[in-house]
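Hello,

Here is the structure for your files. Please look it over before you read the notes below.

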Amino acid sequence: MRERDDGARLGAAEIGAELGERATLLQFSSAFCQPCRATRRTLAEVAGMVAGVAHVEIDAEDHLDLVRRLEVERTPTVLVLDAGGAIVRRAAGQPRKADVIAALGAAVRD
(Lines give C-alpha, C1' and ligand atoms only; values in the text may rest on other atoms or scores of the structure.)
Protein backbone atom coordinates (compact mmCIF):
# COMPACT_ATOMS: atom_id res chain seq x y z
CA MET A 1 0.00 0.00 0.00
CA ARG A 2 1.31 3.40 -0.86
CA GLU A 3 0.90 6.62 1.02
CA ARG A 4 -1.60 9.08 -0.31
CA ASP A 5 -1.85 12.49 1.27
CA ASP A 6 -3.74 14.78 -1.04
CA GLY A 7 -5.80 16.35 1.72
CA ALA A 8 -8.94 14.43 0.76
CA ARG A 9 -11.32 13.65 3.60
CA LEU A 10 -14.39 11.47 3.32
CA GLY A 11 -17.43 11.47 5.55
CA ALA A 12 -20.30 9.11 6.25
CA ALA A 13 -22.57 10.93 3.79
CA GLU A 14 -20.12 10.38 0.93
CA ILE A 15 -19.44 6.69 1.58
CA GLY A 16 -22.93 5.74 2.70
CA ALA A 17 -21.85 4.33 6.07
CA GLU A 18 -20.46 5.48 9.37
CA LEU A 19 -16.69 5.82 9.67
CA GLY A 20 -14.93 3.49 12.07
CA GLU A 21 -14.15 4.93 15.49
CA ARG A 22 -10.40 4.48 14.86
CA ALA A 23 -10.11 3.80 11.10
CA THR A 24 -12.07 2.73 8.02
CA LEU A 25 -11.10 0.29 5.28
CA LEU A 26 -12.91 1.66 2.23
CA GLN A 27 -13.13 -0.78 -0.69
CA PHE A 28 -14.18 0.16 -4.22
CA SER A 29 -15.54 -2.91 -6.03
CA SER A 30 -17.41 -3.83 -9.18
CA ALA A 31 -19.97 -6.55 -9.80
CA PHE A 32 -17.89 -9.00 -11.81
CA CYS A 33 -14.55 -8.44 -10.08
CA GLN A 34 -13.24 -11.76 -8.75
CA PRO A 35 -10.38 -10.20 -6.69
CA CYS A 36 -12.98 -7.92 -5.07
CA ARG A 37 -14.58 -10.93 -3.37
CA ALA A 38 -11.29 -12.07 -1.87
CA THR A 39 -10.50 -8.49 -0.84
CA ARG A 40 -13.91 -8.24 0.87
CA ARG A 41 -13.12 -11.32 2.96
CA THR A 42 -9.64 -10.07 3.88
CA LEU A 43 -10.80 -6.59 4.88
CA ALA A 44 -13.76 -7.92 6.86
CA GLU A 45 -11.44 -10.27 8.72
CA VAL A 46 -8.96 -7.50 9.57
CA ALA A 47 -11.77 -5.14 10.62
CA GLY A 48 -13.05 -7.88 12.93
CA MET A 49 -9.61 -8.25 14.50
CA VAL A 50 -8.97 -4.57 15.28
CA ALA A 51 -11.36 -2.74 17.59
CA GLY A 52 -12.84 0.45 16.17
CA VAL A 53 -12.06 -0.39 12.53
CA ALA A 54 -14.91 -0.48 9.99
CA HIS A 55 -14.96 -2.10 6.54
CA VAL A 56 -17.10 -0.29 3.98
CA GLU A 57 -17.54 -1.56 0.43
CA ILE A 58 -18.70 0.76 -2.36
CA ASP A 59 -19.88 -0.29 -5.81
CA ALA A 60 -17.69 1.82 -8.09
CA GLU A 61 -20.33 1.93 -10.84
CA ASP A 62 -22.90 3.43 -8.47
CA HIS A 63 -20.51 6.15 -7.23
CA LEU A 64 -18.83 7.44 -10.39
CA ASP A 65 -18.43 11.01 -9.08
CA LEU A 66 -16.49 9.73 -6.06
CA VAL A 67 -14.48 7.31 -8.23
CA ARG A 68 -13.44 10.18 -10.50
CA ARG A 69 -12.67 12.57 -7.65
CA LEU A 70 -10.48 9.99 -5.89
CA GLU A 71 -8.92 8.79 -9.16
CA VAL A 72 -9.92 5.16 -8.66
CA GLU A 73 -8.74 3.47 -11.86
CA ARG A 74 -9.42 -0.21 -11.13
CA THR A 75 -11.17 -2.51 -8.72
CA PRO A 76 -10.53 -3.45 -6.08
CA THR A 77 -9.04 -0.24 -4.77
CA VAL A 78 -8.69 0.09 -1.01
CA LEU A 79 -8.37 3.37 0.86
CA VAL A 80 -7.39 3.40 4.53
CA LEU A 81 -9.03 6.33 6.31
CA ASP A 82 -8.13 7.60 9.75
CA ALA A 83 -10.79 8.40 12.36
CA GLY A 84 -11.38 11.82 10.78
CA GLY A 85 -11.84 10.40 7.28
CA ALA A 86 -8.44 11.46 5.89
CA ILE A 87 -6.91 9.08 3.35
CA VAL A 88 -3.66 7.75 4.84
CA ARG A 89 -2.98 4.78 2.54
CA ARG A 90 -4.18 3.59 -0.85
CA ALA A 91 -3.73 0.37 -2.84
CA ALA A 92 -5.10 -1.03 -6.09
CA GLY A 93 -5.48 -4.76 -6.56
CA GLN A 94 -6.01 -7.52 -4.05
CA PRO A 95 -4.08 -6.70 -0.86
CA ARG A 96 -2.38 -9.21 1.41
CA LYS A 97 -3.70 -9.40 4.94
CA ALA A 98 -0.29 -8.46 6.39
CA ASP A 99 -0.18 -5.33 4.21
CA VAL A 100 -3.64 -4.27 5.37
CA ILE A 101 -2.67 -4.70 9.01
CA ALA A 102 0.53 -2.70 8.45
CA ALA A 103 -1.37 0.08 6.66
CA LEU A 104 -3.77 0.35 9.58
CA GLY A 105 -0.82 1.29 11.75
CA ALA A 106 -0.65 4.63 9.92
CA ALA A 107 -4.33 5.32 10.58
CA VAL A 108 -4.90 3.95 14.08
CA ARG A 109 -3.49 5.98 16.91
CA ASP A 110 -3.97 4.77 20.45
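A salt bridge here is a side-chain nitrogen of Lys or Arg within 4 Å of a carboxyl oxygen of Asp or Glu. The model is predicted: local features need pLDDT of at least 70, side-chain atom pairs count only at pLDDT 80 or more, and totals for chains, interfaces and linings use all residues. Numbering runs from 1 along each chain as its sequence is written, and side-chain values use heavy atoms, without hydrogens or water.

Confidence: pLDDT is the predictor's confidence in each residue, from 0 to 100. The chain's mean is 91, with 92% of residues at 70 or more. Strand E2 (residues 23–29) is highest at a mean of 98, and strand E1 (residues 2–3) lowest at 50. Strands (E, at least two residues) and helices (H or I, at least four) are DSSP runs, numbered from the N terminus.

Salt bridges: there are six. Arg-69 pairs with Glu-14, closest N and O atoms 2.3 Å apart. That pair links helix H3 (residues 64–69) to helix H1 (residues 12–15), 55 residues apart. Glu-45 and Lys-97 meet at 2.5 Å, N to O. Glu-45 is in helix H2 (residues 34–49) and Lys-97 in helix H4 (residues 97–107), so this pair ties together parts 52 residues apart in sequence. Arg-96 and Asp-99 meet at 2.9 Å, N to O.

Gln-27: this residue sits in strand E2. Gln-27 is buried (under 20% relative accessible area; exposed is over 50%, partly exposed in between; 1.4 Å probe, protein chains only), at 0%. The Gln-27 side chain reaches the backbone oxygen of Cys-36 at 3.0 Å.

Best wishes

Methods
A polar contact is a pair of N or O atoms within 3.5 Å; within protein, one must be able to donate a hydrogen and the other to accept it, and residues adjacent in sequence count only if both atoms are side-chain atoms.
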